[in-house]
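Here is a short briefing to keep beside your sequence and viewer.

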Amino acid sequence: MRLYDTQRSGNAWKVRLLASLLNIRLERVTLSIDAGDLGSAAFRRVNPLAQVPTLELNDGRTIYESQAILHYLAHRTSLWPEDRFGQSQVLTWLSFEQSQHMHPLAQLRLRLALHRSADASAPEMLALRAQALKALTQLDARLSAQAAANGPDAWVAGTSISIADVALYPYTRLAPMGGIDLSAFPSICAWLERIEAHPGYEPLIPGQPDLNYTTKENSK
Ligand SMILES: N[C@@H](CCC(=O)N[C@@H](CS)C(=O)NCC(=O)O)C(=O)O
């Protein structure tokens, strides 16, 4: 299988992280947003939405949207529960990630750190910050409730790591790039450490966990 990504995409990091946790080998085709690769006619044939991540199966069919890809790769593994209630919990937190969490955190990182195109005190950025803090407060409360119910080894959706944890990990880990202090969220900090200690964990730049907060492409 072939993964189309960009080097610093948090959405694509979800897919590489899951593949690494599951020991699935993906051929990586790394594109550049800045160079206009995603708008090319060739890439639009692969994904008409012109976004990464995009997974191309060995028979040429493609899957886009990170959560659809996570679901596909986790089929018949412990990261996608077998029982219907368990599945509903994973879907709840996947939906939360897309509707409440990813957008403000990704925009803060993009505009304040990667593009440096915005002033942190601008009203629009303050609104994104408020949305991001609300989502992180809700995630921290969920992890705290999970720890109270299931013991300190808490995961977002159930009693073991699932694709909901994988989906929520990258933009939470990258939040400090958007000016957010994660030390205000103790349950999140403990959960991030648990994911990073998990066998198969893969950082944003493979083999270089110290570069998770890099702002540069081609950080080798
Ligand atoms: N909802 C999508 C979002 C994907 C997304 O926003 N990808 C970004 C990179 S992180 C992208 O391709 N941006 C380029 C663009 O939208 O033009 C997902 O979860 O996969």
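Helix H7 (residues 186-197) has 12 residues, which should span 16 Å at 1.5 Å a residue, and its end C-alpha atoms lie 17 Å apart, in agreement. The expected span is 1.5 Å times one less than the number of residues. Helices (H or I, at least four residues) and strands (E, at least two) are DSSP runs, numbered from the N terminus.

This is a predicted model, in which local features need pLDDT of at least 70 and side-chain atom pairs count only at pLDDT 80 or more, while totals for chains, interfaces and linings use all residues. Residues are numbered from 1 along each chain as its sequence is written, and side-chain values use heavy atoms, with hydrogens and water left out.

- Ser187, Ile188, Trp191, Leu192, Arg194 and Ile195 are the buried residues of H7; buried means under 20% relative accessible area, exposed over 50%, and partly exposed in between (1.4 Å probe, protein chains only).
- Helix H5 (123-150) and helix H6 (163-173) are what the buried residues of H7 pack against, where contact means heavy atoms within 4.5 Å.

**The nonpolar cores**
- The largest nonpolar core has 59 residues, and Ile163, Ile188 and Trp191 have the most contacts inside it. Such a core is a set of buried Ala, Val, Leu, Ile, Met, Phe, Trp, Tyr and Cys residues joined through side-chain atoms within 4.5 Å.
- At least two residues of this core come from each of helix H1 (10-21), helix H3 (66-74), helix H4 (84-114), H5, H6 and H7, and H4 gives the most, with 10 residues.
- Domain 1 (2-77) and domain 2 (84-197) each supply at least three residues to this core; the bounds come from an automatic or database domain assignment.
- Another core lies apart from it and has 6 residues, among them Tyr4, Leu31, Leu38 and Val52.
- Leaving aside neighbours within four places in sequence, Ile163 is in contact with residues including Leu18, Leu70, Trp80 and Leu94.

**Around Leu26**
- Leu26 is in the loop between H1 and strand S2 (27-31), and is buried, with a relative accessible area of 17%.
- Not counting residues up to four places away in sequence, Leu26 touches Met1, Leu3, Val15, Ala19 and Leu55.
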